[in-house]
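Hi there,

Here is the structure I promised to pass on. Have a look through it first, and my notes on what turned up follow below.

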Amino acid sequence: MKPQNPSALHILAFVYLTFSHVTDGELSREEIDTIARVLHGWLPEATSDQISKVIVDSAAWVNGITSDEERLAQAETYAHLMKEQMSEKQRSAVLVNLIELARADGKITASEEQFIGHLTRLLGLG
């Protein structure tokens, strides 16, 4: 279920969790730890508990959507918003985060590469 008034951190978590879910169908401990670390990088003053709550809320949101197509469509909508509202440096940081996430479980899949390529274009960086 989508959080009421999702924060920018919720939206980033949604995109990162969608990336992990849609590209390989599993969410490893390494991926969760990486998501927590990169979210903390966006909001360094947040506590670990606050970051964990954002991840839990966002995971419930992702899991509440019934199909990967709908998850991807929502992530694309957020990518368009990021293109409009974030600097190029911030958008590049989102892509770096996705690459870190792809590497977290030790293997980068073709679907991860496709997702990153697609988001690169949506963010106006490719």
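In helix 4, the buried residues are Arg-71, Ala-75, Tyr-78, Ala-79 and Met-82. They cover an arc of only 110° around the axis, which puts them on the same side of helix 4. The buried residues of helix 4 pack against helix 1, helix 3, helix 5 and helix 6. Turned away from that buried side is a face that carries the exposed residues Glu-69 and Glu-84. As for length, helix 4 has 18 residues and reaches 25 Å from first C-alpha to last, close to the 26 Å expected at 1.5 Å a residue. Please keep in mind that all of this comes from a predicted model.

What do the helices build together? The largest nonpolar core has 34 residues, and those with the most contacts inside it are Tyr-16, Leu-39, Met-82, Leu-98 and Leu-119. At least two residues of this core come from each of helix 1, helix 2, helix 3, helix 4 (68-85), helix 5 and helix 6. Helix 1 supplies the largest share, 9 residues.

Setting aside neighbours within four places in sequence, Leu-39 is in contact with Leu-9, Leu-12, Ala-13, Tyr-16, Ile-51, Val-54 and Ile-55.

Ser-20 lies in helix 1 and is buried, with a relative accessible area of 0%. Not counting residues up to four places away in sequence, Ser-20 touches Gly-25, Glu-26, Leu-27, Glu-31, Ile-35 and Leu-101. Thr-120 sits in helix 6, and its relative accessible area of 17% also counts as buried, since the cut-off is under 20%. By the same rule about sequence neighbours, Thr-120 touches Leu-95, Leu-125 and Gly-126.

Now for the charged pairs. How many salt bridges does a search of the whole structure find? There are 5. One of them joins Glu-100 to Arg-37, with the closest N and O atoms 2.8 Å apart. Glu-100 lies in helix 5 and Arg-37 in helix 2, so the pair ties together parts that are 63 residues apart in sequence. Glu-100 is partly exposed at 25% relative accessible area, and Arg-37 is partly exposed at 47%.

Another salt bridge is between Asp-57 and Lys-53, at 3.0 Å from N to O. Both residues are in helix 3, 4 residues apart, about one turn of the helix. Asp-57 counts as partly exposed at 21% relative accessibility, whereas Lys-53 is exposed at 52%. Asp-105 also forms a salt bridge, with Lys-107, and here the closest N and O atoms are 3.5 Å apart. Lys-107 is partly exposed, at 40% relative accessibility.

One backbone detail is worth a look. Asn-5 has a phi near 45°, a positive value in a residue other than glycine. Asn-5 lies in the segment before helix 1 and is exposed, with a relative accessible area of 75%.

Finally, the annotation. An unreviewed UniProt entry places the feature "domain: Co-chaperone DjlA N-terminal" at residues 23-125. In the model, that span is 78% helix and 0% strand, and its end C-alpha atoms lie 21 Å apart.

Best wishes

Note on methods. Residues numbered from 1 in each chain as written. Predicted model: local features only at pLDDT ≥ 70, side-chain atom pairs only at ≥ 80, totals over all residues. Heavy atoms only, no water. UniProt positions renumbered as here; feature names shortened; annotations may be inferred. Salt bridge = Lys/Arg side-chain N within 4 Å of Asp/Glu carboxyl O. Buried < 20%, exposed > 50% of the residue type's maximum accessible area, 1.4 Å probe, protein only. Core = buried A, V, L, I, M, F, W, Y, C linked by side-chain atoms within 4.5 Å. Contact = heavy atoms within 4.5 Å. Expected span 1.5 Å × (residues − 1). Arc of directions from axis to C-beta.
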